[in-house]
Amino acid sequence: MDADQIRAHLDPIRHEFADPRSLVMPALKFAQTEKGHLTREDMAAVAEATGYSPSFVESVASFYDRLYTRPVGNRVVSVCITLSCMLRGSDEVWEALCEHEGVDHHHGGTSADGRITIQEAQCLGYCDRGACIQVDAEETQGPFTPEEAVKLVEELREAPTPAELWR
Amino acid sequence: MPILNSVYRHREAGKTLTALADYRAAGGFKALEHALGEMEADDLQYAFVRSGLRGRGGAGFPMGRKASFLPKDSKLPKYVVCNADESEPGTFKDREIMEMNPFQLLEGLALAGFAIGAARGYIYIRGEYEHQARILDAAVLAAREAGFLGTNILRSGFDYDITVYRGAGAYICGEETALLESLEGKRGQPRLKPPFPAVAGLYGSPTLINNVETLAALPPIVTNGADWYLSMGTEKSPGTKLFSISGHVVKPGNYEVVLGDTTLRELIYEHAGGLREGRRVKAVWVGGSSVPVIGEEHLDVPLDYESLQGVGTALGSGGCIVMDDSGCIVRACLRLATFYRHESCGKCSPCREGTSWFERILQRMVDGEGRMEDFDLLESLFRRVSGKTLCPLADGAIAPIRSAITLFRDDFIRVCQEGSPRPDPMLPATVG
Ligand SMILES: Cc1cc2nc3c(=O)[nH]c(=O)nc-3n(C[C@H](O)[C@H](O)[C@H](O)COP(=O)(O)O)c2cc1C
Ligand code: SF4
Ligand code: FES
């Protein structure tokens with residue numbers, strides 16, 4: 001994404017902040033919608049559009065779980081593994097998904113075909129629906145059994161990517 | 001004790017109030033009309049103080065008193081920031097308010113803004129709540145179109161608008177000064193206090209920060225009067241509170257209870273449907289995961305700030321996590337230790353290093369490789385970390401583990417020797 005596109009996205013909200021630094025996060029989130037993750041070029045474009053240094057912008061991006069500085073699959077599947085969900089079987093869901101996608105059981109990862117990333121999430125605020133899963137930035141869903149979760153990723157593998165959604 | 005759905009209007013109405021007309025029909029925006037038309041800002045602040053409303057984000061600080069700390073004579077613009085970062089494990093009450101009743105939050109933010117003379121309000125919402133953020137975006141637009149936000153609101157001369165600001169996944173951004181850093185476009189790392197946000201908050205300006213549930217309680221307080229709110233609950237814990245309950249209960253969900261009126265046992269067994277057949281309560285984290293854990297012997301504690309403190313725990317965020325006797329307490333502690341290790345912002349070394357040690361030691365216990373010295377090692381780590389950090393996250397990591405070791409020492413010793421095989425979880429099918 002280039003700096004002009006980012007500026008165009010920021011212009012309507014610029015007046016809402018007394019300090020333009022507040023625009024860095026909206027800019028990063030917008031830049032990420034293009035490829036699903038942030039490349040160094042994207043971050044340089046954010047730096048140019050907001051007037052801060054690339055290293056500052058990169059340090060901000062690296063702080064947040066949901067800003068990805070490395071490539072992710074077409075769909076990002078976040079499995080909550082925190083306590084309430086663990087009591088409701090999230091470890092079983094997690095392992096079934098890692099197994100199904102052929103990724104590392106400790107860290108998750110992206111399937112060989114590049115379609116699906118499985119990642120751990122901390123409490124998603126849907127503990128009443130544990131074990132729960134969030135796909136990209138869509139509304140979190142649950143509860144899931146391991147079998148239902150596998151069915152979900154199989155459907156996602158076939159479904160088109162919602163490019164307009166922030167991931 | 002029965003549930004009282006009296007403060008949050010979607011509960012009283014028994015339906016979602018995401019359409020402005022529905023919220024109006026349920027009595028919405030009457031408080032703002034009344035305040036702007038007939039009240040002085042100081043009277044409004046005084047009503048907040050008198051209601052006794054305490055912050056619902058975790059610390060329970062009186063809301064009106066916090067508002068009164070903002071300097072009256074400051075030349076700088078003032079701000080209200082709504083903490084919608086809701087990331088405390090076990091807590092999902094703010095989500096319900098934003099999803100089902102966004103206008104009540106906006107009205108509360110506008111009332112708080114008028115009371116302190118704010119230039120703008122911000123809702124800092126966790127990035128994972130994109131769905132809820134969109135509902136808020138739509139509500140802000142609708143409220144602005146109807147003249148409840150924007151310039152010269154209801155022809156009162158008061159200008160005020162609200163910005164919905166999305167985070168991007170970091171528990172620590174729920175800590176108020178980390179939230180401000182994040183809202184200023186930086187890494188979300190806590191600031192040294194003082195100065196407190198009331199004096200130097202967002203962009204160095206006086207800032208009032210409150211939780212979603214706190215702010216959403218303001219409109220009914222203004223409409224029905226502070227005395228009405230005070231008449232519910234106990235002297236030190238007036239009003240109602242939303243409890244989120246999850247884990248090994250049959251009907252997880254949010255329940256609004258009058259503080260001091262309902263016991264933990266009633267919350268679990270009457271409201272949340274109890275446990276599975278044949279199971280008993282093993283451990284409960286009543287106020288989210290950052291509070292000391294309690295066991296079956298305290299189930300009759302009334303749910304209010306002072307009673308919970310009396311049994312050695314805290315009301316916290318009201319995110320009540322229940323584990324039955326099928327669960328393993330050491331594994332539960334390990335899972336929480338992993339959470340805090342992951343969420344430590346890394347600014348202070350006792351927290352950064354300490355949380356990773358807690359996790360490592362608990363992991364070897366679960367693997368059956370724990371040693372008896374590990375108990376002393378953990379305790380000495382707790383002593384070296386506790387109170388020596390910039391923000392309370394580190395103490396929040398210690399509280400559940402330290403209390404569990406005291407309460408369930410036999411389990412810890414057994415697990416150290418034998419390890420702990422993973423117990424069967426309670427699957428959705430069990431609930432039906
Ligand atoms: C590590 C940490 C995380 C927190 N997370 C939240 C949160 O997600 N939501 C919240 O409202 N308060 C949270 N708080 C409490 C806030 O710092 C602050 O006390 C609160 O927003 C004040 O609002 P209240 O007075 O209405 O409760 C957290 C505090 C700490 C130390
Ligand atoms: S206590 Fe932990 S989370 Fe809080 S500022 Fe220090 S390192 Fe960051
Ligand atoms: S523990 Fe999984 S959503 Fe809260």
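Predicted model: local features only at pLDDT ≥ 70, side-chain atom pairs only at ≥ 80, totals over all residues.
Residues are numbered from 1 along each chain as its sequence is written, and chains are lettered from A and ligands numbered from 1 in the order in which they are written. Local features need pLDDT of at least 70, side-chain atom pairs count only at pLDDT 80 or more, totals for chains, interfaces and linings use all residues, and side-chain values use heavy atoms, with hydrogens and water left out.

**View 1. The shell around ligand 1.** Ligand 1 has 18 residues around it, and B:G57, B:N83, B:N210, B:N211 and B:T214 come nearest (a residue is near if one of its heavy atoms lies within 4 Å). Four residues of the shell are nonpolar, eight polar and six charged (Ala, Val, Leu, Ile, Met, Phe, Trp, Tyr, Cys and Pro count as nonpolar, Asp, Glu, Lys and Arg as charged, the others, Gly among them, as polar).

**View 2. Polar contacts of ligand 1.** An N or O atom in the side chain of B:N210 lies 2.8 Å from an oxygen atom of ligand 1. Polar backbone atoms of B:R56 and of B:E86 are each 3.3 Å from an oxygen atom of the ligand. The protein covers 90% of the 610 Å² of accessible area that ligand 1 has on its own (Shrake-Rupley method, 1.4 Å probe).

**View 3. Strand β4 of chain B.** This strand, residues 207-211, gives the most to the shell around ligand 1, with three residues (strands are DSSP runs of E, at least two residues, numbered from the N terminus).

**View 4. Confidence in chain B.** The average pLDDT of chain B is 96, and 98% of the residues score at least 70 (pLDDT is the predictor's confidence in each residue, from 0 to 100). The model scores ipTM 0.96 and pTM 0.97.

Terms used. Polar contact = N/O pair within 3.5 Å; in protein donor to acceptor, adjacent residues only side chain to side chain. Helix = DSSP H or I, 4+ residues; strand = E, 2+ residues; numbered from the N terminus.
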